[in-house]
Amino acid sequence: QAVGNRIWAERPLLIFDADGSKTRWLQLFLQAGGYHNYKFLEGGLDALPRENLAPVSGRRSDTVSINQNYLKDALAELRDADKSADFFTYILSSVRFKNLAFISAEEASAQLHISTEQLLQASRQLAEGGLIRFFEANGNLVYQIDPLIVWKKEMGGIRWHESVGQFHNHRDE
């Protein structure tokens, strides 16, 4: 979805995985989408000396802001019968950066006691309702949640305002 929307078209991309083995499919996808300003870290993170992989102190925040009024309205609109509300709260609990959540479909399926197809169906319903955008890659689900509902750290900064505008402008197109 990000490639199709050209979100990073004007920025150079540095892409890496654990061992450098899973980047070829992405390279083909990027080229097909018209991206040419990117680099892959040869050998992935495993190729870097361990002493260069020290955690960055003082930058981690476990704070996630949730606008309770928007969340209440969103949950009220979801149908209870198909567990979309439960799944939506599961997604919210997985936010790791800005308004992005990364979920293993296998783990979510086991924890919520529903099939992967039901996860995808719930994801489509949430997307149709304008609460999220998502895509699936290699058994993982990547979600962008409406920043009016959830945001890593505090809502109201410049990046938050930009994300609100981008999320809602994209939804209106």
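Predicted model: local features only at pLDDT ≥ 70, side-chain atom pairs only at ≥ 80, totals over all residues.
Residues are numbered from 1 along each chain as its sequence is written, and side-chain values use heavy atoms, with hydrogens and water left out. Helices (H or I, at least four residues) and strands (E, at least two) are DSSP runs, numbered from the N terminus.

**The sheet**
- Four strands form an open sheet in the order E4-E5-E7-E6, with antiparallel pairing; two strands pair if DSSP finds at least two bridges between them.
- Strand E4 (95-97) and strand E6 (132-137) sit at the edges, each pairing on one side only.
- On average, neighbouring strands here are turned by 30 degrees against each other, direction ignored.
- E6 and strand E7 (residues 140-145) run antiparallel and are joined by 6 bridges, with Ile132 standing opposite Ile145 in E7.

**Helices on the sheet**
- Helix H5 (residues 105-112) packs on the sheet and touches strand E5 (100-104) and E7; contact means heavy atoms within 4.5 Å.
- The direction of H5 makes about 80 degrees with that of E5; angles run from 0 to 180 degrees between N-to-C directions, and axes are lines fitted to C-alpha atoms, for helices over the stretch in contact.
- Helix H6 (residues 116-128) lies across E6 and E7, running at about 150 degrees to E6.

**Helix against helix**
- The axes of helix H3 (residues 68-77) and helix H4 (residues 84-92) come within 9 Å and cross at roughly 145 degrees.
- Leu71, Ala74 and Leu75 of H3 make that contact with Ala85, Phe88, Thr89 and Leu92 of H4.
- For H4 and H6, the axes come within 10 Å and cross at roughly 85 degrees, so these two helices are roughly perpendicular (65 to 115 degrees).
- On the H4 side, Ser84, Phe87, Phe88 and Ile91 meet Leu119, Ala122, Ser123, Gln125 and Leu126 of H6.

**Zooming in on Leu126**
- Is Leu126 buried or exposed? Leu126 counts as buried because its relative accessibility is 0% (buried means under 20% relative accessible area, exposed over 50%, partly exposed in between, with a 1.4 Å probe and protein chains only).
- Beyond neighbours within four places in sequence, Leu126 is in contact with Leu78, Ser84, Phe87, Phe88, Ile91, Leu131 and Ile132.
- Leu78 is 48 residues from Leu126 in sequence, yet 8.1 Å away in space, C-alpha to C-alpha.

Key: Parallel < 35°, antiparallel > 145°, perpendicular 65-115°, else oblique.
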